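Welcome! Please take a look at the picture first.

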Amino acid sequence: MFKISAFSRLSRVSLKTLRYYDQIGILKPRKVDQDTGYRYYSADQLLELNRIFIYKELGFTLPQITQLLQEHITLENIQGMFKLKRSEIQQIIDTEQAKLVRIEERMQLIEEEGMSKPGKKYESKRKVLGSFFFRQGAGGKRRSRVYFISLISH
């Protein structure tokens, strides 16, 4: 058995994290001394901690990891959670890919307008007709967004 400080050094996990994991129930010490309150961990808990970090690296939240570590969880449940995580990650990839496409489109517009030449100041061929702000969204719990719009002509 290792005191929390020794277990922290062995696992390279901070004392604060180990205490937090104890608090939320994801990694409880094997023993807690009733007189001193010291937490003691066993060597096999290093493997449990490693599993936690593997799941974290895959993007699972601590509540999800807590579920994954339960002994009574079925293989089907684990596979289902992995499929959900795969779907979440794919959605993020798709969103970021769409952003890349928009950036490429903007870069092409800049090149077409002559901004890409080093040392040349940008002179837009478009004329600003007017600018204004508008607010979208209702009050209350929903947040409003303020947008700045410039009307331009070609």
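In this predicted model, Arg51, Ile52, Tyr55 and Lys56 of helix H3 meet Leu62, Ile65, Leu68 and Leu69 of helix H4. Contact here means heavy atoms within 4.5 Å. The residues of this contact divide into 6 nonpolar, no polar and 2 charged. For this count, Ala, Val, Leu, Ile, Met, Phe, Trp, Tyr, Cys and Pro are nonpolar, Asp, Glu, Lys and Arg are charged, and the others, Gly among them, are polar.

**How to read the model**
- The model is predicted, with local features needing pLDDT of at least 70 and side-chain atom pairs counting only at pLDDT 80 or more, while totals for chains, interfaces and linings use all residues.
- Residues are numbered from 1 along each chain as its sequence is written, and side-chain values use heavy atoms, leaving out hydrogens and water.

**The chain as a whole**
- The protein chain has 5 helices and 5 strands, where helices (H or I, at least four residues) and strands (E, at least two) are DSSP runs numbered from the N terminus.
- Along the sequence, the pattern is β-α-α-β-β-α-α-α-β-β.
- Of the 154 residues in the protein chain, 17% are buried, meaning under 20% relative accessible area, with exposed over 50% and partly exposed in between (1.4 Å probe, protein chains only).

**Helices H3 and H4**
- H3 (residues 44-57) and H4 (residues 62-69) pack at an angle of about 130°, with their axes 10 Å apart.
- Axes are lines fitted to C-alpha atoms, for helices over the stretch in contact, and angles run from 0 to 180 degrees between N-to-C directions.
- H3 and H4 are therefore oblique to each other; angles under 35 degrees count as roughly parallel, over 145 as roughly antiparallel, 65 to 115 as roughly perpendicular and the rest as oblique.

**Helices H1 and H2**
- H1 and H2 pack at an angle of about 110°, with their axes 9 Å apart.
- That makes H1 roughly perpendicular to H2.
- Ile4, Ser5, Phe7 and Ser8 of H1 make the contact with Leu15, Leu18 and Arg19 of H2.

- Beyond its neighbours within four places in sequence, Ile52 is in contact with Tyr21, Ile26, Leu27, Ile65 and Leu69.
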